[in-house]
Amino acid sequence: GGKATMVTKGIAFDTHPRWSPDGKKILFTSDRSGSENLWYIDTDKKDTVQLTKDRDQNYTSAAWAPDGKRILFTSDRSGSENLWYIDSDKKDTVQLTKDRDQNYTSAAWTPDGKYIVASRGRLDMKLWMMHVDAGSGTQLVEGGFKTIDPAVSHDGRYVYFSARGGSWSYNGPMPQYQIVMYDRDNAKYTTVTTRYGSAFTPVLSKDGKWMVYGSRYEDKTGLVLRNLSNGDEKWLAYPVQRDDQESIATMGVLPGMSFTPDSKSLIASFGGKIYRIPIDGGKPAEIPFTAD
């Protein structure tokens, strides 16, 4: 058919938006074709391109490699959830992990592009680090708590993530999650938030100055901006999409977000649309695009 602006039709084009390193594309997942698939927005043309065309498969999180040549994603196309990546140079799709009975909620690249930090397990998810080309990986964090939504700092030293005691609790009191920081140099971890409304799904700026994460205030979810040098915080956007604290959060507590390459804005999805949110306090701006 003809072109239509998807954001006005209520079709889900708004999951896990990730800005490419060159600042020209926004990667996201969509179930418009009947199954979850990978798409990207060409910001110059304001048009969309469908990267995968699978049926009866699920794609949860996706992320660009630091050099923009590989796209990491989770999929159950092998019959069980695993990590895969699309290699734009070789024009092929590679299966990174080959588990038969594990779940992968989310994954992130290290800045050198050599390793991937992923949340792996059944219900009680744990963080694992694995080489992008080979190896079964190493578990990073021990202990009786759930660790999901990893984000790696700009220098590769720290891994921030959402953590909670146990996989899920019925009618559990607040807080459910806090953000924890793992130090790769000494294998120690530190809780960095103490919010009553929980803290989850951290995303880090490329310049190393900022972190944005989700939290709940009263009955709604918002995004908090944190200055990593002095710990100052303020609300960046409120309200946004409802979080998944009460459930098992099989795809993360919030959909993935990303900073623009210049570290001046955040790209996030809520209300069926994709927004660019300036960190200087400017009003969120909808990113326009069309799709056939």
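Asp185 and Arg157 form a salt bridge, their closest N and O atoms lying 3.1 Å apart; the term denotes a side-chain nitrogen of Lys or Arg within 4 Å of a carboxyl oxygen of Asp or Glu. The pair links distant parts of the chain, 28 residues apart: Asp185 belongs to the loop between β15 (178–183) and β16 (188–191), and Arg157 to the loop between β13 (145–152) and β14 (158–165). Strands (E, at least two residues) and helices (H or I, at least four) are DSSP runs, numbered from the N terminus. Asp185 is exposed, with a relative accessible area of 59%, while Arg157 counts as partly exposed at 30%. These classes are set with a 1.4 Å probe on protein chains only: buried is under 20% relative accessible area, exposed is over 50%, and partly exposed lies in between.

The model is predicted, so that local features need pLDDT of at least 70 and side-chain atom pairs count only at pLDDT 80 or more, whereas totals for chains, interfaces and linings use all residues. Residues are numbered from 1 along each chain as its sequence is written, and side-chain values use heavy atoms, with hydrogens and water left out.

Over the whole structure, the search finds 13 salt bridges. Another of them joins Asp87 to Arg70, with 3.6 Å between the closest N and O atoms. Here Asp87 sits in strand β7 (residues 82–87) and Arg70 in strand β6 (residues 70–75), so distant parts of the chain, 17 residues apart, are linked. Asp87 is buried at a relative accessible area of 5%, and Arg70 also counts as buried, at 17%.

A further salt bridge brings together the side chains of Asp243 and Arg216, at 2.5 Å from N to O. Because Asp243 lies in the loop between β20 (233–237) and β21 (258–259) and Arg216 in strand β18 (residues 210–217), the pair ties together parts that are 27 residues apart in sequence. Both partners are buried: Asp243 has 5% relative accessibility, and Arg216 has a relative accessible area of 10%. Through salt bridges that share partners, Arg216, Arg242, Asp243 and Glu246 are joined into one network.

A pocket is an open set of points with protein on both sides within 12 Å along at least five of seven lines; a cavity is a set where a 1.4 Å probe fits but cannot get out; lining residues have an atom within 4 Å of a point. Points are joined across faces, edges and corners, and a volume is the space filled by probe spheres set on them.

The largest pocket has a volume of about 870 Å³. It is lined by 37 residues, of which Trp64, Trp109, Val152, Leu204 and Ser258 are the closest to its centre. At least two lining residues come from each of β1 (15–19), β5 (59–64), β9 (103–109), β13, β17 (200–204) and β21. By class, the lining comprises 21 nonpolar, 13 polar and three charged residues; Ala, Val, Leu, Ile, Met, Phe, Trp, Tyr, Cys and Pro count as nonpolar, Asp, Glu, Lys and Arg as charged, and the others, Gly among them, as polar.

There are two cavities of 30 Å³ or more. The largest cavity holds about 70 Å³ of space, and its lining includes Leu223, Val240, Met257 and Phe270. Strand β22 (residues 265–270) gives the most to this lining, with three residues. Seven of the lining residues are nonpolar, three are polar and none is charged. The second largest cavity has about 30 Å³ of space and is lined by Ser61, Ala62, Ala63, Leu72, Phe73, Thr74 and Ala107.

Technical notes
On a 1 Å grid over the protein atoms alone, a cavity is a set of points where a 1.4 Å probe fits but cannot get out, and a pocket is an open set with protein on both sides within 12 Å along at least five of seven lines; lining residues have an atom within 4 Å of a point.
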